[in-house]
Amino acid sequence: MINQMLRNNKVVAAILTVFRVYLGYAWLTSGIGKLTGGFEINGFLNGAISKADGAHPAVQGWWAVFLEQFALPNHELFAFLVMWGEVIAGTALILGLFTNLAAFSGILMNFAFLFSGTTSTNPQMVLLTIFLLVAGTNAGRYGLDRWVLPLLQKHTLSVHKKRLMLQ
């Protein structure tokens with residue numbers, strides 16, 4: 001019953017729009033801050049790696065190994081991905097464009113930050129994002145998804161029909 005309400009109810013869609021815009025604003029402002037503030041990820045990565053030591057580590061060993069052996073050597077790529085990932089996910093959430101993809105991207109970033117030993121607003125953002133993901137297309141009902149997704153679906157069906165006719 002709750003699942004159906006999240007997925008179909010117009011009042012719930014309006015509430016989800018508030019969640020969506022809030023999350024989008026949080027991601028967008030964070031990303032813009034990184035873009036304009038000379039974001040450097042090395043300190044963050046080294047700090048996360050150092051939190052894997054001790055009796056009660058804040059960072060799991062497997063994640064610290066990933067950070068140390070893959071993310072740190074490729075820190076420029078990861079800085080780029082974080083900055084632009086935040087800007088793109090934030091913009092898409094605010095506009096309600098590809099809402100589910102943007103929400104999924106955001107929650108992946110939230111978990112990466114949580115795995116790295118940071119808390120901040122990440123748990124709150126994860127919780128709100130779960131509602132968006134469970135709601136499916138209803139989360140973007142009052143956004144560009146309302147027009148873009150049907151057009152995309154129509155185009156996809158048209159292409160699929162043409163391929164079937166050629167076979």
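Author: We begin with Asn-110, which is found in helix α6, residues 99–115. Helices (H or I, at least four residues) and strands (E, at least two) are DSSP runs, numbered from the N terminus. This is a predicted model, in which local features need pLDDT of at least 70, side-chain atom pairs count only at pLDDT 80 or more, and totals for chains, interfaces and linings use all residues. Residues are numbered from 1 along each chain as its sequence is written, and side-chain values use heavy atoms, with hydrogens and water left out.

Reader: Is Asn-110 buried or exposed?

Author: Buried means under 20% relative accessible area, exposed over 50%, and partly exposed in between (1.4 Å probe, protein chains only). Asn-110 has a relative accessible area of 0%, and therefore it is buried. Contact means heavy atoms within 4.5 Å. Not counting residues up to four places away in sequence, Asn-110 touches Trp-27, Asn-122, Met-125, Val-126 and Thr-129.

Reader: Which residues of α7 are buried, and what do they pack against?

Author: In α7 the buried residues are Asn-122, Met-125, Val-126, Leu-128, Thr-129, Leu-132 and Ala-135. They pack against α1 (2–8), α2 (10–36), α5 (75–95) and α6. The expected span of a helix is 1.5 Å times one less than its number of residues. Helix α7 (residues 122–135) has 14 residues and reaches 20 Å from its first C-alpha to its last, close to the 20 Å expected.

Reader: What follows α7?

Author: Gly-136 comes after α7, and its phi is positive, near 60 degrees. Gly-140 lies in the loop between α7 and α8 (145–166). This glycine, Gly-140, counts as buried because its relative accessibility is 0%. Leaving aside neighbours within four places in sequence, Gly-140 is in contact with Arg-20, Gly-96, Thr-99, Asp-145 and Arg-146. The C-alpha atoms of Gly-140 and Phe-98 are separated by 7.7 Å, although the two residues are 42 apart along the chain.

Reader: At what angle do helices α3 and α4 pack?

Author: Axes are lines fitted to C-alpha atoms, for helices over the stretch in contact, and angles run from 0 to 180 degrees between N-to-C directions. Helix α3 (residues 42–50) and helix α4 (residues 61–71) pack at an angle of about 145 degrees, with their axes 8 Å apart. The contact is made by Leu-45, Ala-48 and Ile-49 of α3 and by Ala-64, Leu-67, Glu-68 and Ala-71 of α4.

Reader: How is a pair of aromatic rings read?

Author: A pair of aromatic rings is described by the distance of the centres and the angle of the planes. Rings of Phe, Tyr and Trp (its six-membered ring) pair if their centres lie within 6.5 Å; planes under 30 degrees apart count as stacked, over 60 as edge-to-face and the rest as tilted. By this rule the count comes to eleven aromatic pairs. In one of them, Trp-63 and Phe-66 have ring centres 5.0 Å apart and planes at 35 degrees, so the pair is tilted. Trp-63 counts as buried at 12% relative accessibility, whereas Phe-66 is partly exposed at 30%. Ring pairs link Trp-62, Trp-63, Phe-66, Phe-70, Phe-78, Phe-111 and Phe-115 into a cluster.

Reader: How many helices and strands does the protein chain have?

Author: The protein chain has eight helices and zero strands. Of its 167 residues, 32% count as buried.
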